[in-house]
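Student: I have a structure open and want to go through it piece by piece. Can you take my questions as they come?
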Amino acid sequence: MDKAIDIKDWYISNFGEFEKRLNGGKESLIHEKRKAALSNFSRLDFPSIKDEEWKYTSLAPLLKYNFSPSYEKKSVSKDFISSLLFDELEHSLMVFVSGKFSGESSNLLNLPEGVIIGSIAEELNNNNQIVSKHLGKYADHQNNVFTALSTAFTQDGAFIYVPSGIIVEDPIHIIFITSLDNGKIITQPRNLFVAEKNSQVTIIEHYVSSEETIYFTNTVTEIVAEENAVVDHIKLQEESKKAFHIARMEVDQERNSNFSSHLISTGADLTRNDFNSKLNDEGSECTLNGLFMIDGTQLFDAHTLMDHAKPHCNSHEHYKGILDDKSRGVFNGKVIVRKDAQKTNAFQENNNILLSDEALVNTKPQLEIFADDVKCSHGATIGQMDEEAKFYLKSRGIGEDSSKAILLHAFASDVVTSIKIESVRNYIEKLITEKFNQ
Amino acid sequence: MLEIKNLHAGIEGNEILKGINLKVNAGEVHAIMGPNGSGKSTLAQVLAGREEYEVTKGEITYNGKNLLELAPEDRAREGLFLAFQYPVEIPGVSNTNLLKTALNEIRKYRGEEELDTMEFLSLIKEKMKLVDLDQKFLSRSVNEGFSGGEKKRNEIFQLAVLQPMLAILDETDSGLDIDALKIVANGVNTLRSKDKAIIVVTHYQRLLNYIIPDFVHVLYQGKIVKSGGKELAFKLEDIGYDWVKNGKQEEMVTQ
């Protein structure tokens, strides 16, 4: 406990230096928000396992380290960046290195008129009204210590704005690279994606590191899907196996909007992924698929919330886990169907394969239904690899490793195949192969 | 090709096979018959290398090699094939994927070139006709949602594609209507040649009208209690298995 207080003081003590390096950004409105968040942060405690929402995820390993923001200007080799691209996919690329936008590595292709793809830092300097209007509106920092920390140290991140009626055909690929630094660093990407009425966009958030080092990523993404907007979001989390990755995503969905999210998570020693979607108006639809593949002592914790506020909304959630060695998985999927939300369809499923006797999953569906004319279902399974199926494959001449790989690809396939972009699917298939053919 | 000597095997401490002796030469078709629970399927599974079964005594030589020392996948690569009594459903793995991976791993093991997609597809198309399966079937998941007959035909399809040296059919005829039975039998018969061998494990004599065996063995309580030519199968059909159960083997044997 004392350690947690020390660490809190440590982060607070970093603020002075952070403020000094803001280059005159101190007078802006956002800085008032930062200071308010800092005082909130000092009021809040880091959760412990006594906290119901953190029952299976101890933050003790994270709180051992004194992480500081990176003030170095880093660059990353072109070769490394090209290894992260999806073959044959023409797309806009934004690169962030250790938390800061790297213009020279980024590449924005034929964007339709009015579309803005930029860095939050720049947009804040330019006093962008859309950013001021939305940033921090959905990810409240009053009761969340990590969001408070993120808000206090708000500096950079990706900003995407798609105006009304505009279709962005090519996906936008955002890579967050943490690069070797002198000290142990924390990066806090703060992303905001706004899709206005009748617009469409596909966004890929991709978290990686150039070296297998210890660092802390604390990221907050806010997404607004206005009326009839279609937003496809993919997140690939391939952080260093020694890193900490705490992420929160807030999605605000208006009438007839269609949002889909695919999370593919293989990295970090400790991962906590909070996903919350608010279906605020009739006819909206939310698809939330996830695949996590962990081994060693990795811990992956997903907390999701589908909040159905209005009638005629659909949500589909499917999370799958593959766990090896002594890894730990947590899935907590909450669905709220509020009193007005009649004719809601809400489906949730969580399936896990344990590849070792020592791997463990805690899965907990939570349905809170206050309407009486709804269709909701949930299911969870935890099992081993199907030995009969493996024997069947081997009896056809397929070796042990290939049989295992075939079955794991098959297990992951319903999550992977629902990703619309083929080259991204291929990239993920390759990830699965590499993960288990070491 | 295959020689089984005094084979004892069981599962979880229960001995099921209690001293099997069997010799199968290239070019021969052997039928193994017997009542339920006699150990027929256990024998088939042990030959394929199912890990759950423990061999406690005896030996199996296959083409001069100690079969019991080979992993299941190496047995397959050496040309042994088991058509399963209950083919396994594998959601998410297409029939094409299974066959292509299997074929190429077998070829690699034998030091042969892997087939390219065109060569593979033309081979597949040719063999599909043999078992009367529709094209659409290729992209479907292995055995998932297949009818009993489709599953059995799929086993024979795999057999036709993989062209094993020694094929073991474990009750492939059970539950088939006469048309499906003819298709299955036809598929198996095209494999017959003087350098290949087939073991047909069955409960019923019916299949043997279409796959004519050179030898018939009766398995009972883990032992082969009677061996003979194809006429033995007809005799079994006439009088049933009761004679073995009633301890009248001696009578039969002396006839």
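Student: In chain B, what share of the contacts with a separation of 6 or more comes from residues 24 or more positions apart?
Tutor: That share is 71% in chain B. Keep in mind that this is a predicted model.

Student: And what is the figure for chain A?
Tutor: In chain A, residues 24 or more positions apart account for 82% of the contacts with a separation of 6 or more.

Student: Back to chain B. How many helices and strands are there?
Tutor: Chain B has 9 helices and 12 strands. Its C-alpha trace spans about 60 × 40 × 35 Å along the principal axes, and 41% of its 255 residues count as buried.

Student: What is its radius of gyration?
Tutor: Chain B has 18 Å, and that agrees with the value near 18 Å that a compact globule of 255 residues would have.

Student: There is a sheet in there. What is the strand order?
Tutor: The order is β6-β9-β10-β3-β11-β12 in chain B. These 6 strands form an open sheet with mixed pairing. The edges are β6 (80-83) and β12 (223-228) of chain B, each of which pairs on one side only. From one strand to the next, the twist averages 20°.

Student: Parallel or antiparallel for β6(B) and β9 of chain B?
Tutor: Parallel: β6(B) and β9 (residues 166-170) of chain B are joined over 4 bridges.

Student: What about the faces of β6(B), covered or open?
Tutor: Both are covered. B:L80 and B:L82 are buried on one side, and B:F81 and B:A83 are buried on the other.

Student: Switching to the interface. How many residues of each chain are in contact?
Tutor: 20 residues of chain B are in contact with 17 residues of chain A. On the chain B side, α2, β7, α3 and α5 (148-162) each supply at least two residues. The most comes from α3(B), with 5 residues.

Student: How do the residues on that side of chain B divide by type?
Tutor: They divide into 13 nonpolar, 3 polar and 4 charged.

Student: Which elements do the buried residues of α7(A) pack against?
Tutor: Within chain A they pack against α8 (400-416), and in chain B against α2 (72-77), β7 (90-94) and α3 (95-109). Helix α7 covers residues 387-394 of chain A and is mostly covered, with 6 of its 8 residues buried. Those are A:A389, A:K390, A:F391, A:Y392, A:L393 and A:K394.

Student: Where are the domain bounds in chain A?
Tutor: The domain assignment gives domain 1 as 2-386 and domain 2 as 387-438. Their centres, taken over C-alpha atoms, are separated by 27 Å.

Student: How many residues are in contact between those two domains?
Tutor: 21 residues of domain 1 of chain A are in contact with 24 residues of domain 2 of chain A. On the domain 1 side, β11 (230-238), β13 (258-265), β15 (285-294) and β17 (314-323) of chain A each supply at least two residues. The most comes from β15(A), with 4 residues.

Student: And the division into nonpolar, polar and charged there?
Tutor: The side of domain 1 of chain A that touches domain 2 of chain A has 11 nonpolar, 5 polar and 5 charged residues.

Student: Now chain A as a whole. How many helices and strands?
Tutor: Chain A has 9 helices and 21 strands. Its radius of gyration is 21 Å, close to the 22 Å that the globule rule gives for 438 residues, so chain A is as compact as a globular protein of that length. The C-alpha trace of chain A spans about 70 × 50 × 50 Å along its principal axes, and buried residues make up 49% of the 438 residues.

Student: Last one, A:A148. Why is it classed as buried rather than exposed?
Tutor: Because A:A148 has 23 other C-beta atoms within 10 Å, and the cut-off for buried is 20 or more. A:A148 lies in helix α6 (residues 145-152) of chain A.

Student: Which residues does A:A148 touch, leaving out those up to four places away in sequence?
Tutor: A:A148 touches A:A37, A:N40, A:F41, A:L44 and A:H141. As for A:A36, A:A148 is 112 residues apart from that residue in sequence and 8.8 Å apart in space, C-alpha to C-alpha.

Notes
Residues numbered from 1 in each chain as written. Chains lettered and ligands numbered in written order. Predicted model: local features only at pLDDT ≥ 70, side-chain atom pairs only at ≥ 80, totals over all residues. Buried ≥ 20, exposed ≤ 12 C-beta atoms within 10 Å, placed from the backbone. Contact = placed C-beta atoms within 7 Å. Nonpolar A, V, L, I, M, F, W, Y, C, P; charged D, E, K, R; others polar. Domains from an automatic or database assignment. Pairing = 2+ DSSP bridges. Axes fitted to C-alpha atoms, helices over the stretch in contact; angles between N-to-C directions. Rg over C-alpha atoms; globule rule 2.2 N^0.38 Å.
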